[in-house]
Amino acid sequence: MLLLLLLVGLVGAEKCMHPPAAVNYTNAMYSGRWYEVGKYQTPGGAAFQKGTVCTIATYDPYSDTEGGGDIGYSSRKTTPDGSWNNATGILEPLENPGHFLQTLVFFGIQGPSVDYNVIYLDEDSAIEYDCSEHIFGTLDYCLHFMSRTPTMSEEKLEMLMDFVAESGLNTHNLEYMVGNQENCWE
């Protein structure tokens, strides 16, 4: 019976998408602080960010031209003056610039590595897609909409959401979650 369940899980297994990286990706362009203005995120991927606000990501590449670097995430619990919730890790470069293997440490414990892709990048915004496959054919994915400032115009956000819709990456048709940056950076 266990073998049958395992076989059914493997046959019906969901697989992570492998979207192309942003064609203009460079470490120098992605380097620095990004404010999360919104996301599509499965429940497993959201465990670390549950109940948080003021979420930022900071990328510190080892080189401006190629290779990986250090990545860090910070957010506040519940309110802009809540306790910090942090994770640190590394982005290891894969075959194309902007495609990485991400490994994070949460509360002193290393999490599983995930496939990390910068799928859109310009001077003031980015979209990052990460995904991990689990036993019995389930997966967790996140699509993070990021800005160099705590806010993003509605027109720009709509354009980025259309980009994601056209790419077919929100495979579970998740509801968009607004990233709360209000009163975070005064």
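User: Happy to start with a side chain. Which residues does Y141 touch, not counting residues up to four places away in sequence?

Analyst: Good place to begin; bear in mind that this is a predicted model. With residues up to four places away set aside, Y141 touches Y40, Q41 and T42, and also Y129, D130 and C131.

User: Which residues have the most contacts inside the largest nonpolar core?

Analyst: That core has 19 residues. Elements that each supply at least two of its residues are β1 (32–41), β7 (114–121), β8 (125–133), β9 (139–147) and α3 (154–167). Those with the most contacts inside the core are Y40, I127, Y129, Y141, L143 and F145.

User: And which element gives the largest share of this core?

Analyst: Y141 is among the residues with the most contacts inside the core, and β9 spans residues 139–147. The largest share, four residues, comes from β9.

User: How many residues are in the other core, the one that lies apart from it?

Analyst: Y25, W34, L91 and F100 are among the members of this other core. Its count is 16 residues.

User: Let's turn to G69. Is G69 buried or exposed?

Analyst: G69 lies in strand β3, which covers residues 69–77. Leaving aside neighbours within four places in sequence, G69 is in contact with Y59, D60, P61, Y62, G89, I90 and L91. Buried is taken as under 20% relative accessible area. With a relative accessible area of 0%, G69 is therefore buried.

User: How far apart in space are G69 and F100, C-alpha to C-alpha?

Analyst: F100 is one of the residues of the 16-residue core. Along the sequence, G69 and F100 are 31 residues apart. In space, C-alpha to C-alpha, the separation is 9.8 Å.

User: Stepping back, what pattern does the chain follow along the sequence?

Analyst: There are three helices and 10 strands in the chain. Read along the sequence, the pattern is α-α-β-β-β-β-β-β-β-β-β-α-β.

User: Why is the chain called as compact as a globular protein of that length?

Analyst: The C-alpha trace spans about 60 × 35 × 35 Å along its principal axes. For 186 residues the globule rule gives 16 Å, and the chain comes close to that, so it is as compact as a globular protein of that length, with a radius of gyration of 17 Å.

User: One more: how far apart are the mean positions of the positive and negative charges?

Analyst: The chain exposes about 10100 Å², with carbon and sulfur atoms supplying 59% of it. Its charges number 8 positive and 25 negative. Their mean positions are separated by 8 Å.

Methods. Residues are numbered from 1 along each chain as its sequence is written. This is a predicted model: local features need pLDDT of at least 70, side-chain atom pairs count only at pLDDT 80 or more; totals for chains, interfaces and linings use all residues. Side-chain values use heavy atoms; hydrogens and water are left out. A nonpolar core is a set of buried Ala, Val, Leu, Ile, Met, Phe, Trp, Tyr and Cys residues joined through side-chain atoms within 4.5 Å. Buried means under 20% relative accessible area, exposed over 50%, partly exposed in between (1.4 Å probe, protein chains only). Contact means heavy atoms within 4.5 Å. The radius of gyration is taken over C-alpha atoms; the globule rule is 2.2 Å times the number of residues to the power 0.38. Accessible areas come from the Shrake-Rupley method with a 1.4 Å probe; for residues, only the protein chains shown count as cover. Lys and Arg count as positive and Asp and Glu as negative; His and the chain ends are not counted. The place of a charge is taken as NZ of Lys, CZ of Arg, CG of Asp or CD of Glu.
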